[in-house]
Amino acid sequence: YDVPTGCRKLRIPMPMGIAFEEIQDGTGAVVVGFTENSAGAKMGVKVGETLVACSATSLKAGKEGAFSNTGYGGRPFDNWSVVMFPCTDSPFEQILAALRSNNPRWGIKEISLILQPPASKL
């Protein structure tokens, strides 16, 4: 995923402690605040920045009906990949689901965000 001109990409440890709000009509997301001493604030995220994209965990299909590796109880433990989810015109609920998909049980300890400053336009 290419970072658009005027935007920046950050890898933020979880929990991020960033509050997002929908931009308009239930689509897009903008930073509106932080929890106290949050990782997001420490990494330089600013209130008013627009979320252009975020990392999301996507489950993959098995290989010929079987998974290449299985964990406890035969459940797959490596049947996932991290992708960048475009947020600009996506429904707010899908953005939140993409952010939540970065689950520590998959060994994910940080989330990638592409942010656009409030003054710039794509």
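This is a predicted model: local features need pLDDT of at least 70, side-chain atom pairs count only at pLDDT 80 or more; totals for chains, interfaces and linings use all residues.
## Helix α2

Helix α2 spans residues 92-100. Its buried residues are Phe92, Ile95, Ala98 and Leu99. They lie on the same side of α2, because they cover an arc of only 120 degrees around the axis. An α-helix has 3.6 residues a turn, so residues three or four places apart point the same way.

The face turned away from the buried side carries exposed residues, Glu93 and Arg100. Strands contribute to the cover over the buried residues of α2. Among them are β2 (18-24), β3 (27-34) and β4 (50-59). β5 (80-86) and β6 (110-116) also take part.

## Nonpolar core

The largest nonpolar core has 20 residues. Those with the most contacts inside it are Ile12, Met16, Ile18, Phe20, Leu51, Leu99 and Leu113. At least two core residues come from each of β1 (8-13), β2, β3, β4, α2 and β6. Helix α2 gives the largest share, 4 residues.

## Cysteines

How many disulfides are there? The count is 0. Cysteine 54 is in no disulfide. Its nearest cysteine sulfur belongs to cysteine 87 and is 3.8 Å away. A disulfide needs sulfur atoms within 2.5 Å.

Is cysteine 54 buried or exposed? Cysteine 54 counts as buried, because its relative accessibility is 0%. Cysteine 7 also counts as buried, at 14% relative accessibility. The cut-off for buried is under 20%.

How values were computed
Residues are numbered from 1 along each chain as its sequence is written. Side-chain values use heavy atoms; hydrogens and water are left out. Buried means under 20% relative accessible area, exposed over 50%, partly exposed in between (1.4 Å probe, protein chains only). The arc is that of the directions from the helix axis to the C-beta atoms. Contact means heavy atoms within 4.5 Å. A nonpolar core is a set of buried Ala, Val, Leu, Ile, Met, Phe, Trp, Tyr and Cys residues joined through side-chain atoms within 4.5 Å.
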